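Me: I would like to learn how to read a sheet and the helices around it. Please take me through one case.

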Amino acid sequence: MKRFGLSSVLFFWLLISVMVPTLLLSTLYLSSFKATLLEQEQEHLSQFADKKVKQVEDYISERIADVFTLSQSTEVIEVFGVLMAKNQGGESQRAEYIALLEKYRHVYQQYSDYGYLDLLFISPSEEVIFSLTSQHELTNNQTTEHKPPHGLHGVIEKAKYFLESSSSSFEYSTELEQATAFIGAPVLNEGKLLGVIVLQVDSQIIQRVTLDVSGNLSSREVVVAAKQDEYFSYQAKLKYDPDVVIGDLHPVFALPKPLANAISGIRGIVYAQDYRGEDVIAATRYIPSMQWGMVLKEDLAEVMRAYHELLRLSVFMFLMVIFSVLILAGILGRWLAKPFELMIEMMEKIASGTTDSSLSLQGTRESYELAMSFNQMSQSLALARETLEQKVEERTRDLTHEISLRESKELALNESYKELNESMQRLQSMQSKLVESEKMASLGGLVAGFAHELNTPIGIAITASSLFSRELIILEKSYNSDTLTEVVFNQYLNEIKDTCFLLDKNLKRTASFVSNFKLVAVEQTNLHKERFDLHDLVDSLLKSLTPETKKYPVDIINEIPADISINSYAGDFYQLLTNLVLNAMIHAFEGQDKGKLTIGASLCQYNLVLTVSDNGKGISQNDCCCIFEPFFTTRRGSGGSGLGLSIVYNIATHKLHGDIQVSSILGQGTEFIMTLPIENDT
């Protein structure tokens, strides 16, 4: 197994003990720094955006205050009265009206210097009776069918019907090429509406306020836009897209998400992509007075620059620390490992047989003491080696003597083994002869019983045949002597018929016995595998065993189903069942008046379960463990050989490749259960 050096282990543990806490603390610090940085930037953007909105609102409020103050001045009321009178005087006073316009333009020229685009005096009929420039005046006087701009019209309506000052939203003017708004107030004289005074302001001042993005982030930008029905337009130049024209209409679906939130009046901070597709952090605000959506945004990459620089610095420091730990671990490891390397060299010398070497004492206290111990051990090993060599010589002599004794014992054991092997062969030969003797004895008993059984029908047949011959002789004599009467003929004819019937019956009985005996003999000598019906085989067997089984008061019942067909060795089944049935006759029902033996079978998957059970006296548990052993018998000295069930066991396990079990209860009976394959492939 590969082992790590001391330097590697020190590096690993230093790395774990130093770098893991450092890495965890750095990660926590960087995460906290990132969250704090984003939180501060969000707060800064929110404050800056609120400041912009307030500046714009304050500017609009000041302009509304200016126009309201102007509408209340006596001078404006007098100018309204004069201009209204001259404007309604017809062509005769047209020249005076125009002269007054020039005069008042010179008087109110200061409003142009204040940054206003125009100053309008508008009659209650929404006719421009004075304009600081000629634009609105000419538009309304020459083409009266044209209505004033939407924003101007809204201001006039509020002043006329609500008598309040108001401002319009900024609308892009193609003539001025910029966004303008109108701020108006009603001019009242003793509660009577004389008209409306309107100041037109441009968006330059507001844009200067809005687009002032002073700060240390170069990507900071303010984007303002206004929505018009299903379109929107930018109201100020875009910093990164000079091709965008202020006032051009774009479909609403093209709105970037921050600008869409701002126009919809959603106030907040969002992380999204701007019109360039760059990830930004943006503050969204709505400017009610201008009806603009304003977005103050910064590139997220630039906002996170400090975090990324700190992250790079942290990674650099982390690598430097790893490098330093590596160098320190190497130096420290070499210093600590040197005494151990010397010890290893000493151990190699000792292993090679040199025991007179010693270590120099150096290093830490532990290595110093370890070196002293090694030197002492080297001296002890040298002394032990000398002692060991002496003991080895003595032990070698002892072992030589023991080897000679062991060789003599092995010769004696080999002789004993040969004698034991010869005894085993003799025992095996004797066992085989005893098994054959048992088989011959069984066969002899079967033949004797069969011969005894045949004596009766054959004797009856012989007697009937003799009677038949005698009756024929008497009948022939009566016929030849002409003393045969019809009554005598009929009498002898009936006797002959009865004799023939008796002769035929006993001869058929004899033929049946011979046929069954031949079948049993053939099956027991048949070594070929064949398919047979188990029920028919057992019926044939029981008929052939009738001469033996009828000596016992036992009913033998064949409960094997008629549809069980197996492919195996029928002769082995005959021998197995013959031994079991005869063994039960001899042992199970001794001393009983009536008994019952049942042969049954069932199929279980690919196996045949064959059972032979009786209701005899049973077998003790001690004997159940030994009944299949050769020469074991409970009738020793009474004709029992002890090989019957041993033959059954060998046939069931070795020839038929199955298994046999026995279960018995004293006084209730015994059951032999054999599990045998249906298809015997061997």
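**Reading the sheet and its helices**

Reply: In this predicted model, helix α13 (residues 534-544) lies across β14, β16 (595-604) and β17 (607-614), and α13 runs at about 155° to β14. A further helix, α15 (residues 570-587), packs on the sheet, where α15 touches β14, β16, β17 and β19. The direction of α15 makes about 20° with that of β17.

Me: In what order do the five strands of the open sheet come?

Reply: The order is β14-β16-β17-β19-β18, with mixed pairing. The strands at the edges are β14 (554-558) and β18 (659-665); each has a single partner strand, so one side of each is left without a neighbour in the sheet. From one strand to the next, the twist averages 15°.

Me: How many bridges join β18 to β19, and do the two run parallel or antiparallel?

Reply: Strand β19 covers residues 669-677, and seven bridges join β18 to it. The two strands run antiparallel. As for residues that face each other, Ser664 stands opposite Thr670 in β19.

Me: Now a single residue. Is Ser646 buried or exposed?

Reply: A residue is called buried when its relative accessible area is under 20%. The value for Ser646 is 5%, so Ser646 is buried. Ser646 lies in helix α17, which spans residues 644-655.

Me: Which residues is Ser646 in contact with, leaving aside its neighbours within four places in sequence?

Reply: With those neighbours left aside, Ser646 is in contact with Phe628, Glu629 and Pro630.

Definitions and conventions. Residues numbered from 1 in each chain as written. Predicted model: local features only at pLDDT ≥ 70, side-chain atom pairs only at ≥ 80, totals over all residues. Heavy atoms only, no water. Helix = DSSP H or I, 4+ residues; strand = E, 2+ residues; numbered from the N terminus. Buried < 20%, exposed > 50% of the residue type's maximum accessible area, 1.4 Å probe, protein only. Contact = heavy atoms within 4.5 Å. Pairing = 2+ DSSP bridges. Axes fitted to C-alpha atoms, helices over the stretch in contact; angles between N-to-C directions.
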